[in-house]
Amino acid sequence: PEALQKRPLSELEYTVVTDTLSGSKRVVQGPALYAPASPHELIGDTSHAFELKQHQYVKLLDSATGRVRVMRGEAVIFPAAHEVPAEGNPAVRNAVNVDDETAVLVLSLQTGQQRLVTDQGLFFPQPLEEIVEVRKLVRVEPHEVAIVRDNKGAFTFHAGNGTGDESGAAFHIPPFSELVTMMWSSGTSKEDVKANVVRNAKQVAYKVPVQKIDLRPQYAFFEYKVRTSDNVELILEGTIFWAVKDVPRMIERTGDPKGDVWYHARSALIQAVSKVDLLEFMASFNTIARAAAADEAFYEERGVKLYSLEVTRYECADGKTASVLQEIIQETTNRINRMQKQRSDNEVEHEELTAKIEREKQRSALIEAQAANEKLQKSVEGESEGTRLAQNTLAFLRQLNVSVPDAQERLSLLRFFSEQATLTKQTEHLSTGTASLFLTPQDVNLKIQGAHRAGAAYV
């Protein structure tokens, strides 16, 4: 039988021997070849001692007394006869290395209170302490806000730019508190968000967890179905440019600010488009979109701001209407192209006319300058010729002072010679040119005598 067999034990093995008469138990440690001292001793299973490294510990519970003790390494621990591991598998656990990035949330089993251990070094729990959670340092970027909620429901806001209730960009979550996780609408799934994949989906089909509120302006894409006043169904695509401005008000009024913005923008755009017909929408859809985004009170009471609501594309939901719309758009495009071409031709023609006008102005200035120069030249020549004639006349009269004492006779002679010179010049011009000469009878001193009749006079 088992009670009479010898049990070999190595250096790190032990067994529990039970006295079946008294019920007492004792531990037999190796190395040994243990043989029962009496037939009433029952040898238990062979167990391995707890080998603890320097950063490890084991918590043992005495099932007879309820006492708990914590054994730290480096050591080889043989439990007492009634001791069992107080914690589940594994029994041997690593101490927590507390540093700048790590803290330990500890629960006292004696008082039920929690405390956050931030003293740097290896942390080993006391016998009546239990490690609830190892908490990492929460870092908040300058554009982010983190919200912590305590066991009374009060919020504490940690802003990365130092404008929240706590200054600084990093903190540990206190005991009995948790980091608030909001579920925001998104066009990208939670898995894509973790993998940093942006789908740019136009429908908010998912809910993703958000623990840090991003205060930077951000885009949301949309695809809405709307209907005009003349019953034309359109599909609008575009972007919503929005941002969180007041985090306390946002957390008080809504749990999904992005979803609120997305759905309210859709409602406002549907109402705005329903008031106009298709032609008016095509002519001023950007103005209509701006009017739909003008409801600032809705966004302010939720702590957000809508910067713009932009329609980037639209099409008709019905195929026939879409083809007609494409024809209208094509015709409008052709008309714009023709107007642009005509405008370009007008500009070219305008430049040509401007150049011609400028050239004619320059030519007119040239003619005026030439006329002025010619006039000046003739004036100078006339003055020179007049001076010469005056000197010749004076010289002629002086030479005749002795021979012709009478002044009137001298002037008559001067006049005669001048007329002769003029006639000579004219004769020279007639002989060398192609001009015709017409003379009157008085010019040649001509008399014509005809047949004499009674009563007629001589001519």
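**A chat about rings and helices**

Guide: Let's start with a cluster: ring pairs link F222, Y224, W262 and Y263. Rings of Phe, Tyr and Trp (its six-membered ring) pair if their centres lie within 6.5 Å. This is a predicted model, where local features need pLDDT of at least 70, side-chain atom pairs count only at pLDDT 80 or more, and totals for chains, interfaces and linings use all residues. Residues are numbered from 1 along each chain as its sequence is written, and side-chain values use heavy atoms, with hydrogens and water left out.

Visitor: How many aromatic pairs does a search of the whole structure find?
Guide: The search finds 13 aromatic pairs.

Visitor: How are the rings of Y57 and F124 arranged?
Guide: Their centres are 6.1 Å apart and their planes are at 80°, so the pair is edge-to-face. Planes under 30 degrees apart count as stacked, over 60 as edge-to-face and the rest as tilted.

Visitor: And where do those two sit in the chain?
Guide: Y57 is in strand β7 (residues 56-62), and F124 is in the loop between β15 (121-123) and β16, so the pair links distant parts of the chain, 67 residues apart. Strands (E, at least two residues) and helices (H or I, at least four) are DSSP runs, numbered from the N terminus.

Visitor: Are Y57 and F124 buried or exposed?
Guide: Both Y57 and F124 are buried. Buried means under 20% relative accessible area, exposed over 50%, and partly exposed in between (1.4 Å probe, protein chains only).

Visitor: New topic! At what angle do helices α7 and α8 cross?
Guide: The axes of α7 (residues 319-403) and α8 (residues 407-432) cross at roughly 135° and come within 10 Å. That makes α7 oblique to α8. Angles under 35 degrees count as roughly parallel, over 145 as roughly antiparallel, 65 to 115 as roughly perpendicular and the rest as oblique. Axes are lines fitted to C-alpha atoms, for helices over the stretch in contact, and angles run from 0 to 180 degrees between N-to-C directions.

Visitor: Which residues meet there?
Guide: T393, F396, L397, L400 and N401 in α7 meet R410, L411, L413, L414 and F417 in α8.

How values were computed: Contact = heavy atoms within 4.5 Å.
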